[in-house]
Amino acid sequence: MSTIKTIGMQKVYRTEDIETTALNNVSVEIKEGEFVAIMGPSGCGKSTLLNILGLLDNPDSGQYFINGEEVSGYSEKQRAEVRKANIGFVFQSFNLIDELTVFENIELPLIYTGISSSERKKLVEEAMERMNIVHRKNHYPQQLSGGQQQRVAVARAVVNKPKLILADEPTGNLDSSHGEEVMKLLSGLNTTGTTIVMVTHSERDAGYAHRTIRLLDGRVLFEAAKENQLQ
């Protein structure tokens, strides 16, 4: 079963003087349980595609299916419901809230789901344990290293057990050892069944994926599966 499928996706950004085609007839399919890397030069449409896949932006035309459901025409309220139930996000800049503790940052997505505080506490503790950051639960983001902050961000992404994680340059602000640690965390989540779509410039990070989709000028240039995935 496909977790994600786009058909003929188009996205154009317009200003008074200029028109930029960010996505040009993009059709991709990502199956349940896959780990896919999206690569290409800056400005090729990678982040635009990820934002549309995460229902943070709408295509101008084309179709987008999540778990077989056409969602491209959804209202913002409907998109928020689908995001809440299905998608976790990991960003290059961590996007943690400085005024909240580690525990509170991870709990944030759960507050909007209406589950009880005791259930929230249980889920947050499970996520912290999984990411090995229980001992940091009362710390604030600025008290953590970059690698620890990204672990908190991953914990926040997985706390409501999403079927899909979208990661935008998840190691972009990390040194190589912390970057490798985060990639191993994502790879581990994938082995337990989570579908992962990751935008990256790093060939090393892309090596963790089952398949790489390369974009150029808003188009899919080619797709390549890892050799061991083809056997």
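How many of the five residues of E7 are buried? Five of the five, so strand E7 is largely enclosed by the rest of the structure. Buried here means under 20% relative accessible area, exposed means over 50%, and partly exposed is in between, with a 1.4 Å probe and protein chains only.

Quick housekeeping before we go on. This is a predicted model, so local features need pLDDT of at least 70 and side-chain atom pairs count only at pLDDT 80 or more, while totals for chains, interfaces and linings use all residues. Residues are numbered from 1 along each chain as its sequence is written, and side-chain values use heavy atoms, with hydrogens and water left out. Helices (H or I, at least four residues) and strands (E, at least two) are DSSP runs, numbered from the N terminus.

Okay, back to E7. Both of its faces are covered: Leu 164, Leu 166 and Asp 168 are buried on one side, and Ile 165 and Ala 167 are buried on the other.

Leu 166 has Val 197 as its bridge partner in E8, and Ile 165 has Ile 196. With E6, E7 also pairs in the parallel sense, over five bridges, and there Phe 91 is partnered by Asp 168 of E7. To get from E7 to E8 the chain goes through H6, and that β-α-β crossover is right-handed. By right-handed I mean that, with the strands pointing away from the viewer, the path from the first strand over the helix to the second runs clockwise.

Next, the helix to look at is H5 (residues 146–158). H5 has 13 residues and spans 19 Å from first C-alpha to last, close to the 18 Å expected at 1.5 Å a residue; the expected span is 1.5 Å times one less than the number of residues. Twelve of the 13 residues of H5 are buried, so this helix is also largely enclosed by the rest of the structure. Among the buried ones are Arg 151 and Arg 156. What do they pack against? The buried residues of H5 pack against E6, H3 (102–111), H4 (117–130), E7 and H6 (176–191), contact meaning heavy atoms within 4.5 Å.

Another arginine for you: Arg 79, in helix H2 (residues 76–86). At 9% relative accessibility, Arg 79 counts as buried. Its side chain makes a polar contact with the side chain of Asn 58, at 3.4 Å. A polar contact is a pair of N or O atoms within 3.5 Å; within protein, one must be able to donate a hydrogen and the other to accept it, and residues adjacent in sequence count only if both atoms are side-chain atoms.

Most residues other than glycine have a negative phi. Asn 25, in strand E2 (residues 19–31), has a positive phi of about 60 degrees. Asn 95, in the loop between E6 and H3, has a positive phi of about 55 degrees.

Key:
Two strands pair if DSSP finds at least two bridges between them.
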